[in-house]
Amino acid sequence: MYILGIETSCDETGVAIYHSERGLIHHLLYSQIEMHSEYGGVVPELASRDHIRKLIPLIKQLLHESDLTKSNITAIAYTAGPGLMGALLVGAATAQSLAFAWQIPAVAVHHMEGHLLAPMLEENPPKFPFVALLISGGHTLLVKVSSVGQYELLGESLDDAAGEAFDKTAKLLGLNYPGGVKLSELAKFGQARFRFPRPMTDRPGLDFSFSGLKTFALNTFQNCDKTDQDKADIALAFQDAVADTLAIKCRRALQQTHLKTLVVAGGVSANTKIRAILTEMVTKEGGKIFFPRPEFCTDNGAMIAYAGYRRFLMGQIQNLEISARPRWSMSEF
Ligand code: KG4
Ligand code: ZN
């Protein structure tokens, strides 16, 4: 069976086709980065309008390049939340309308479940159960995953998400949107001169707090000459603090759950330093670590097609109502 996946929750229009036996057939992504960078961040109304412009042509191109037609598609999966309301509605309305016209089911997918299952698209996928660290622009979640749909929230960020902290720190260093990637590139030139705190690691628990790091970066920045080297040094100190904090909490989560497998996904998991530090920690613990390939760390249609496929197998089919949930806690399903 072929599942069409549609992702429009934020600033990327992603589409993909997943096949039950053959795996991922094809995926396409249109990024709105260039359009939003003029404004220093995502402008929700512009995001929605651009999804409207790009989505149908992308689906046509996807089918054409996959040598498939609408009659091959068994179900349509779409991101129903969380995300930007207008952007989500474009994907939801398109998916539901196509499903109605093609007389096939639509499957509503939780965006973070898409991220969580993205490593399953790789050649050696992780086996259940495992601990998942989801680090994106909107969420920082530690989850015990027993199987698809069986999630136990172990910890989350009490304030800024990891990606949000990257983006805000990047902004104060004068880097343009999307700041996370730019900050990590700048950090490569940094020297280990500053040491930032590892927030909430001196007490028990698996929750995170990243907003203090951003303030620490601001104070450090204001108290130095603001040279390019200063900026690179601050970027490095910030990135190391986030990476170490994530590693400390993940180690705790593995020990607490007596699990040996860590899955890391979401936009920030594309960060090479974070990948390296988490890999080192898991190796020391005698465990195994899994990441999606970098292009599937950030938003994409492939993870939605795959999550939709797994949900479809579980009989989760959406009624005809076109609805989107900008806020949707993962613990609700
Ligand atoms: O998963 P994602 O594409 O979208 C959300 O669901 O939010 O994550 C986007 C976030 C942004 O905050 C972006 O700055 C961050 O992931 N990000 C990175 C890197 N690549 C993307 N942060 C640090 N280093 C990176 N290489
Ligand atoms: Zn995402």
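How much area is buried between domain 1 and domain 2? Keep that in mind as you click through this predicted model.

**Stop one: the two domains.**

**Stop two: where the domains meet.** Here 16 residues from domain 1 touch 21 from domain 2. The area buried between domain 1 and domain 2 comes to about 1500 Å², with carbon and sulfur atoms giving 70% of it. Now select Met112, Leu116 and Cys297: they supply 43% of what domain 1 buries against domain 2, more than any other three residues.

**Stop three: ligand 1.** Show the 19 residues around ligand 1; His111, His115, Gly137, Asp167 and Gly267 come nearest. Domain 1 and domain 2 each put at least three residues into this shell. By type, the shell splits into five nonpolar, twelve polar and two charged residues.

**Stop four: polar contacts.** Zoom in on Asp167, where a polar side-chain atom sits 2.6 Å from an oxygen atom of ligand 1. Next pick Gly180: one of its backbone N or O atoms is 3.2 Å from an oxygen atom of ligand 1. Then go to Asn271, which has a side-chain N or O atom 3.1 Å from a nitrogen atom of ligand 1.

**Stop five: how covered is the ligand?** Ligand 1 would expose 550 Å² on its own, and the protein buries 87% of that. To finish, highlight α4 (111-117), α5 (162-172) and α6 (179-187), the elements that each give two or more residues to the shell around ligand 1.

Notes
Residues are numbered from 1 along each chain as its sequence is written. Chains are lettered from A and ligands numbered from 1 in the order in which they are written. This is a predicted model: local features need pLDDT of at least 70, side-chain atom pairs count only at pLDDT 80 or more; totals for chains, interfaces and linings use all residues. Side-chain values use heavy atoms; hydrogens and water are left out. A residue is near a molecule or strand if one of its heavy atoms lies within 4 Å of it. A polar contact is a pair of N or O atoms within 3.5 Å; within protein, one must be able to donate a hydrogen and the other to accept it, and residues adjacent in sequence count only if both atoms are side-chain atoms. Accessible areas come from the Shrake-Rupley method with a 1.4 Å probe; for residues, only the protein chains shown count as cover. Helices (H or I, at least four residues) and strands (E, at least two) are DSSP runs, numbered from the N terminus. Ala, Val, Leu, Ile, Met, Phe, Trp, Tyr, Cys and Pro count as nonpolar, Asp, Glu, Lys and Arg as charged, and the others, Gly among them, as polar. Domain bounds come from an automatic or database domain assignment. Contact means heavy atoms within 4.5 Å. Buried area is the accessible area (1.4 Å probe) that two parts lose on being put together, summed over both.
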